[in-house]
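Dear colleague,

Please find the structure below, handed over for your study.

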Amino acid sequence: MLVVFLRGVNVGRHRRFLPAQLARDLPAFDAVNIGAAGTFVVRAPITQATVVAEIRRSLAFDVDIIIVKGSKLIAFARSEPFGPHPPAADEQRFATIMLKRLRRVPDLPLMAPPNDKWQVKIVSVAGQLVASVWRREPGMQRPVYPNAVIEKQFGIATTRNWNTIGTICKILQP
């Protein structure tokens, strides 16, 4: 099984489409749509190249398509990339999927800004997958988002809430 992440779709009025309709338009994929951000589980045994070609053919705009094997995503989730403790009340957990895997993983954690008032903390990297924590204080004027930090550090990527990763993993289970 494959997990497909589309980057930069359905953000405001930019590159809008109906993900559930796209999943229905590709019946040979046995695709399950996850939310409105362009995330799909492809359950049919099909190549990544075929998935990319068909999605590109189906959309009216160009988009970055990032694909991860379901087994890799499950292994990442099971590795407890955030550690064994639940997040603090002011923290949210995210997974970012990079277009290309890193050649060298930097020393972690990596924080932005790099001080005790950090808003994004990158805590784990495994292949194309990055785990980060987002901390936003009330009244913050200019929040820093995980995807912006990760793209600046590592390159093209797309970010999903950790709850979405949990939903995907449930669908991937036999």
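**Findings**

Not counting residues up to four places away in sequence, arginine 56 touches Asp62, Val63 and Ile65, where contact means heavy atoms within 4.5 Å. Please note that this is a predicted model, in which local features need pLDDT of at least 70 and side-chain atom pairs count only at pLDDT 80 or more, while totals for chains, interfaces and linings use all residues. Residues are numbered from 1 along each chain as its sequence is written, and side-chain values use heavy atoms, with hydrogens and water left out.

Arginine 56 lies in helix H2 (residues 48-58); helices (H or I, at least four residues) and strands (E, at least two) are DSSP runs, numbered from the N terminus. With a relative accessible area of 39%, arginine 56 is partly exposed; buried means under 20% relative accessible area, exposed over 50%, and partly exposed in between (1.4 Å probe, protein chains only). The side chains of arginine 56 and aspartate 62 are joined by a polar contact of 3.0 Å. A polar contact is a pair of N or O atoms within 3.5 Å; within protein, one must be able to donate a hydrogen and the other to accept it, and residues adjacent in sequence count only if both atoms are side-chain atoms.

Threonine 39 belongs to strand E3 (residues 39-42) and counts as buried at 1% relative accessibility. Its side chain makes a polar contact of 2.6 Å with the side chain of arginine 160. Leaving aside neighbours within four places in sequence, the residues in contact with threonine 39 include Val4, Phe5, Arg160 and Ile168.

The axes of helix H3 (residues 70-78) and helix H5 (residues 162-172) come within 10 Å and cross at roughly 125 degrees. Axes are lines fitted to C-alpha atoms, for helices over the stretch in contact, and angles run from 0 to 180 degrees between N-to-C directions. H3 and H5 are therefore oblique to each other; angles under 35 degrees count as roughly parallel, over 145 as roughly antiparallel, 65 to 115 as roughly perpendicular and the rest as oblique.

Glutamine 119 is placed in the loop between strand E6 (110-112) and strand E7 (120-126), and it is buried, with a relative accessible area of 9%. A polar atom of its side chain lies 2.6 Å from the backbone nitrogen of valine 144. Beyond four places in sequence, glutamine 119 touches several residues, including Ala112, Pro113 and Val144.

Proline 113 is found in the loop between E6 and E7. A cis peptide bond also joins leucine 108 and proline 109, with omega about 5 degrees. Proline 109 is in the loop between strand E5 (91-98) and E6.

Finally, aspartate 30 is not a glycine, yet has a positive phi of about 50 degrees. Aspartate 30 lies in the loop between helix H1 (19-25) and strand E2 (31-33) and is partly exposed at 37% relative accessibility.

Yours sincerely
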